[in-house]
Amino acid sequence: MKKNSFVEGTFIATFAIILVKVLGVLYVIPFYRIIGEAGGSLYSYAYTVYNLFLNISTAGIPVAISKIITEYNALEKYEAKERAYHVGRNLILIISVIAFFMLFVFSKEFASLILGEIEGGNTLEDVSFVIKSVSFCLLIIPFLSVSKGYLQGHKYISPTSASEVIEQVVRVAVILMGSYITIKVLNKSVTLGVGVAVFGSFIGGLVAFLFLKYKIHKNKDLFKTSKEENKEITNKDIIKKIITYAVPIIITSIATDIYNLTDMTLIVRTSYRLGYTALESETIASIVATWAPKICMIINAVAMGMSVSLIPHMVDSFARKDYKTSNQKYNQAMSIIIVVALPMSIGLAFLSRPIYTLFYGESVYGPSILAFASISAFFSCIYIIMNNALQSLNKFKTAYISTLSGFLTNALLDVPFMYLFKALGLNAFYGTILATICGYFLSFIISFTSLKKAFNFNYKEIAKTIKDILLPSISMVVVLMVLSFIINTSGLTTIQSIMVIVLFTLLGAITYLLISYKTGLLERTFGKEYLNRIFKKLRLIR
């Protein structure tokens, strides 16, 4: 194993996460056809509740472990670093077992919270069963996350990225084979098939955890350790530091998941009140909460991959009080996100109909939701980087305020915006996506202002990136609009959809990349040295 630089770690983690998300998107094509729309809603319910409890048990401690290990390494406190890893594992054991029992025991109450008074769709028993099935994942995924945090804290990004690919491959295999055999071969219920599918996350997590344990044990000589105890750092100090770092992340993650749960509940109930049928309301909510975001996760993967590399590098510079380097890393991360995620969002919006139809089949609401969700995903990417940077710089109060303000704005605007769009003769669900974007903007304003005030951050590089990206982005939009006038993207067969997607993607990407390269945007964002390394590898491939 070798340590990875910031840009290299970003590319490795991003590539792995994109691969994971592509697998996560591709498997839903056969999976959605196996379980149908009703099964799709069940699957969405299970994962929305599960993600809330998963974040309670994993969101904070693994990142805290990564930060503490990076910090102690920078300060050469190697014995305390190893103790922090073991203390973190013990804490995660207690929290994950409690979370498992809460989700398993109170599954029916969560099902009732989601469905409310709706009748004619999935039953309380159906939703309760799939929630129980997914709860077992809480017994393994937290330990996998801590192992990732340990390696990432040492700036070993490659093995954690490999574990994510392994986890996803195994998970997808269990989902597809398990649901197909249960429903199509054994002729059991769709509810049982979905229950088997969500249990696939436990199997995938277990295999990935064993892989990382093997990697850590095999390469234990690479991790600097010391037998001399750091007496000035007690276990009590370590626990206090873990809590200090973890609680803000847990709170913001819980806020996100509570909002997602609230958002889904509001969409289901408000749609029902606005005249949509129970099935339509459940379908719209599941598309907004799960199925459109699954495709958009390819865009979010860029931010997730970057965060994996950004956190240890920003913590390292912050521990040395090198705020200038922290500012540079922050600006570089934001610039990369803008340059990579914006064209992806635009392209996905243009191709929403053939892409949604390819993955899920014909849908009345799916393509429209996906088009707007792809734009929302771009702002989500910026939010992910911004929030991770705040926590890396110990700006926990700002993270609280920006996150809670954004989500409160989002929640307050959801229902009024849905009624507004319905009154305008448009689909009501557009309102919830617009509310989400408004919430993100408020979070951005609060966070950027706070970093400027606390560390004298300047954003000239980000402003220049925004200015320089206009020409390639507008040029790409023009090319895609011309193609849209020439080629009808409605009513396509599977093969035709694939051909249209490939054609639009290639011509749009070539236009964007060529102009970005000619104007020097790519070189300023990624660095001349790293671009040259990529070009050399491409020449070798040819």
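Author: Gladly! This is a predicted model, and a search of the whole structure finds 19 aromatic pairs.

Reader: How is a pair of aromatic rings described?

Author: By the distance of the centres and the angle of the planes. Take Phe-421 and Tyr-430: their ring centres are 6.2 Å apart and their planes lie at 75 degrees, so this pair is edge-to-face. Phe-421 and Tyr-430 are both buried.

Reader: Which residues do ring pairs link into a cluster?

Author: The cluster joins Phe-378, Phe-379, Tyr-383, Phe-407, Tyr-440, Phe-441 and Phe-444 through ring pairs.

Reader: Which residues line the second largest cavity?

Author: Among them are Tyr-383, Phe-407 and Tyr-440, together with Thr-403, Asn-410 and Ser-443. Two or more lining residues come from each of α15 (396–423) and α16. By class, the lining has three nonpolar, six polar and no charged residues. The space in this second largest cavity is about 30 Å³.

Reader: And what classes of residue line the second largest pocket?

Author: That lining has 14 nonpolar residues, with no polar and no charged ones. Nearest the pocket's centre lie Ile-338, Ile-382, Phe-444, Ile-462 and Ile-466. The helices α12 (323–350), α14 (366–392), α16 (430–455) and α17 (460–486) each supply at least two lining residues. About 340 Å³ of space lies in this pocket.

Reader: Where do charged side chains sit over rings?

Author: Arg-89 lies over the face of Tyr-85, 4.9 Å from the ring centre. Lys-132 has its charged end over the ring of Phe-104, at 5.3 Å from the centre.

Terms used: Residues numbered from 1 in each chain as written. Predicted model: local features only at pLDDT ≥ 70, side-chain atom pairs only at ≥ 80, totals over all residues. Heavy atoms only, no water. 1 Å grid on protein atoms, 1.4 Å probe; cavity = no way out; pocket = protein on both sides within 12 Å on 5 of 7 lines; lining within 4 Å. Points joined across faces, edges and corners; volume = space filled by probe spheres on them. Helix = DSSP H or I, 4+ residues; strand = E, 2+ residues; numbered from the N terminus. Nonpolar A, V, L, I, M, F, W, Y, C, P; charged D, E, K, R; others polar. Phe/Tyr/Trp six-rings, centres within 6.5 Å; stacked < 30°, edge-to-face > 60°. Buried < 20%, exposed > 50% of the residue type's maximum accessible area, 1.4 Å probe, protein only. Lys NZ or Arg CZ within 6 Å of the ring centre and 35° of its normal.
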